[in-house]
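Look at the sequence and the model first.

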Amino acid sequence: IALEKEINYTTSLLNKTKENKKSSLVYIDYLDKKISSQERLLQLLNIEQNLLKKQIFKLENKILENEKSINDAEKEIIELKKEYGEILYSLQKNKNERNDLMFIISSETFNQAYKRILFLREYSRARKTQALQITKNQDSLAINKQRLLSQKELIKSKKDLINSIYKFKY
């Protein structure tokens with residue numbers, strides 16, 4: 001009877017060991033699957049991180065181009081305003097000395113008077129065109145500045161995303 005008890009006890013120990021071995025093998029199998037999945041995830045994260053870095057690089061180049069374009073536009077606006085101001089100053093300064101009607105009437109021929117009228121119209125049109133060009137350039141500049149801000153925000157969000165990927169990986 002004591003031997004039977006010992007045999008039964010040994011059999012139960014063997015069964016427990018066999019169950020532990022099976023569960024250990026299943027656990028190891030699951031660990032391998034988890035490690036494999038994590039490695040694939042890291043590969044995907046590295047690909048995404050590299051893609052984001054390329055996008056950031058392209059955006060930074062675009063920003064540099066836009067900043068140059070904005071600087072050029074600002075210089076052009078300043079030059080146009082300066083020219084326009086000089087014209088207005090000159091007109092105001094010579095207003096008392098110059099009378100458009102007298103300029104036309106003092107013509108020697110009708111043809112000369114007609115040409116003077118055309119000249120004054122063209123001169124007036126050129127001033128208006130210059131004022132419109134200044135306004136158009138200022139509007140364009142404001143749009144470009146807004147675009148530049150949005151590009152900088154986009155870069156910031158992509159860099160934040162890269163940082164979050166980096167934190168996730170490590």
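Rings of Phe, Tyr and Trp (its six-membered ring) pair if their centres lie within 6.5 Å; planes under 30 degrees apart count as stacked, over 60 as edge-to-face and the rest as tilted. This is a predicted model: local features need pLDDT of at least 70, side-chain atom pairs count only at pLDDT 80 or more, and totals for chains, interfaces and linings use all residues. Residues are numbered from 1 along each chain as its sequence is written, and side-chain values use heavy atoms, leaving out hydrogens and water.

**Aromatic pair**
- A search of the whole structure finds one aromatic pair.
- The ring centres of Phe119 and Tyr123 are 6.0 Å apart and the planes are at 20 degrees, so the pair is stacked.
- Both residues lie in helix H3 (residues 110–169), four residues apart, about one turn of the helix. Helices here are DSSP runs (H or I, at least four residues), numbered from the N terminus.
- Phe119 is partly exposed, at 47% relative accessible area. Buried means under 20%, exposed over 50%, and partly exposed in between (1.4 Å probe, protein chains only).
- Tyr123 is partly exposed too, at 30%.

**Nonpolar core**
- The largest nonpolar core has 13 residues, and Leu141 and Ile155 have the most contacts inside it.
- H1 and H3 are the elements that give two or more residues to this core.
- H1 gives the largest share, eight residues.
- A nonpolar core is a set of buried Ala, Val, Leu, Ile, Met, Phe, Trp, Tyr and Cys residues joined through side-chain atoms within 4.5 Å.
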